[in-house]
Amino acid sequence: MLLSSILVCLLSQVSFASAGPNSSEEWWRDSFVYQIYPRSFKDSNGDGVGDLNGITSKLEHLADINVSALWISPIYVSPMVDFGYDIANFTDIDPVFGTLDDFSKLVTKAKSLGLKVLLDFVPNHSSDKHPWFLKSIQRVKPYDEYYIWKDPKIVNGTRQPPNNWLSAFQGSAWEWNEQRKQYYLHQFATGQPDLNYRNPALNEEMKEALRFWLRRGVEGFRIDTIPSLVEDDRFLDEPKIPNTGLPDTDPNTLSHIYTYNQHETYEVLKTWRDVLDEFNGTKKIILTEAYTNLTYLIKYYKYGSNIPFNFMFMGQLNNKSSPLDFKRDMDSYLNEIPPGEVANWVVGNHDQQRISWRFGVKRADWLSMVAAVAPGVGVIYNGDEIGMENRPMSWEETVDPAGCNAGRDRYTIYSRDPARSPFQWDSTTSAGFSTSNKTWLPVNSNYKTLNLEIQKKTPGSHYHIFKQLVDLKRHPVVKEGTTEIIVIHDVLAIVRRLPGTTPVVLLLNFSSNDVIADFSAWLNSPRVMTVYTASVGSGIQPGKFHNLTSFRLAPSAAVIFV
Ligand code: NOJ
């Protein structure tokens, strides 16, 4: 008892020897990146919407959990049709978020805390209120070709869109413009016209936007929806996928062979890599958002992405997946990481349901644990570190265009609002997110029991687990060791090994029953190992020794041994 208490104490204080985030060129290796959805993080002025000064006031939290960088979703001038992903000025801050001055203060404070600031770069489209688009409508040069304009197809004397392409937010991807007398392409909302990368002048403007932020101290970018960037210029109809059972307006009825993953996109990415490399000092990072197959995903490394987001936990693997499904997908992915490049594991983001909704409340820590033990970078979304849950929204409360456009009967399939509810800081008004009790999306009613302040005071909470996971990333075995993924009955194990040291072992029980096994024999691990951390509700105490020759793992429990 005494010995285990001493060990708990030692383990909670342990900080693995690290060469320090700035000592290697690629500072992001062996770290976690933290995504902030600015509307929902912290409101500093009581208008119910999060802002830059709010983020600045909470940077200590990020330093406390020891993530290496924060990526902030769009903060630029925007009519907010897609809550910031529709940009009307790529080089200024929207007043709802603050000013350029506020941004500089944020960067200065982040740097003083050892945090890198990354921005969202949204190159596929602008807002339809962007001055470029307004001039493009009027055919003012050179803006006339900054967007994808096409003449209508005339069928039986009536005007039709040029082809059958569909928007990711439902319905035709083409919108008629009466003034220009042409259709424009919008792969997202009608207020998000697609930019034309076959026009070199346009890309020069986008490169200048990157330089603008790099000069203001930004250390890299997350690039939005990169596979949609360039389209096949024959503008052919996309093939229909048979028997989807979905309405014709649904983008999942088409195989996107002409609008997604085109080779030219990778060449444009390379031009942005070159821009980032113009800047001396700390190496700049590119993270790319692409929901695509392994071949297209891995190709992003070659064209300058450091972190082509690995979204395998965003649907491909879900609460129906078996340990073998996890093993198969994780192995296939790791096999393809090019030499010298680094893997990554995205745990959550603002476009997906919360982890507890995707995998179950008992498994809320699982993905961060996998991201910590597996080689490479972990990417988490604000709130994941305290196990925030979906806040289900009624149709009346729904504001996300992906939900609204799907209509009252289908909005819950597409709406991303439930994962965007305000961050739960404490038990005060609006969970400490805002002084106003009217927030842009409702606060989850569980905030009095689920919040950061309470979790800080509760040993074994999601918060404490997450802090240990970030620390574990710097463990020599996790940094340098080999990786084996093994299935034992209903348990998935990840084993990291370095000769001459105790391995690091993660066990996840997929079963709804206890699993008892001789894990030591299956894993070729020491018979007795020490618990480093274990998931909330697992009943396993950190610091305790366990005999793995006959170890019992409760349903949905996860444990890391060192
Ligand atoms: C991906 C972003 O993550 C999402 O929030 C947005 O709606 C689309 N791209 C369009 O920009």
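Modeller: Let's start with helix H6 (residues 200–215) and helix H7 (residues 263–277), which pack at an angle of about 35° with their axes 10 Å apart. Helices here are DSSP runs of H or I with at least four residues, numbered from the N terminus, and the axes are lines fitted to C-alpha atoms over the stretch in contact, with angles from 0 to 180 degrees between N-to-C directions. The model is predicted: local features need pLDDT of at least 70 and side-chain atom pairs pLDDT 80 or more, while totals for chains, interfaces and linings use all residues. Residues are numbered from 1 along each chain as its sequence is written, and side-chain values use heavy atoms, leaving out hydrogens and water.

The H6–H7 crossing is right-handed, that is, the near helix is turned clockwise from the far one by less than a right angle. On the H6 side, Asn-203, Lys-207, Leu-210, Arg-211 and Leu-214 meet Val-268, Thr-271, Trp-272, Val-275 and Leu-276 of H7, where contact means heavy atoms within 4.5 Å. By class, that contact has six nonpolar, two polar and two charged residues.

Now for the ligand: 13 residues surround it, and the closest are Asp-82, Asp-224, His-350, Asp-351 and Arg-416; to count, a residue needs a heavy atom within 4 Å. In the side chain of Asp-82, an N or O atom is 2.5 Å from a ligand oxygen. For the Asp-224 side chain, that distance to a ligand oxygen is 2.8 Å, and a polar side-chain atom of His-350 lies 2.9 Å from an oxygen of the ligand.

Definitions and conventions. Helices (H or I, at least four residues) and strands (E, at least two) are DSSP runs, numbered from the N terminus. Ala, Val, Leu, Ile, Met, Phe, Trp, Tyr, Cys and Pro count as nonpolar, Asp, Glu, Lys and Arg as charged, and the others, Gly among them, as polar. A polar contact is a pair of N or O atoms within 3.5 Å; within protein, one must be able to donate a hydrogen and the other to accept it, and residues adjacent in sequence count only if both atoms are side-chain atoms.
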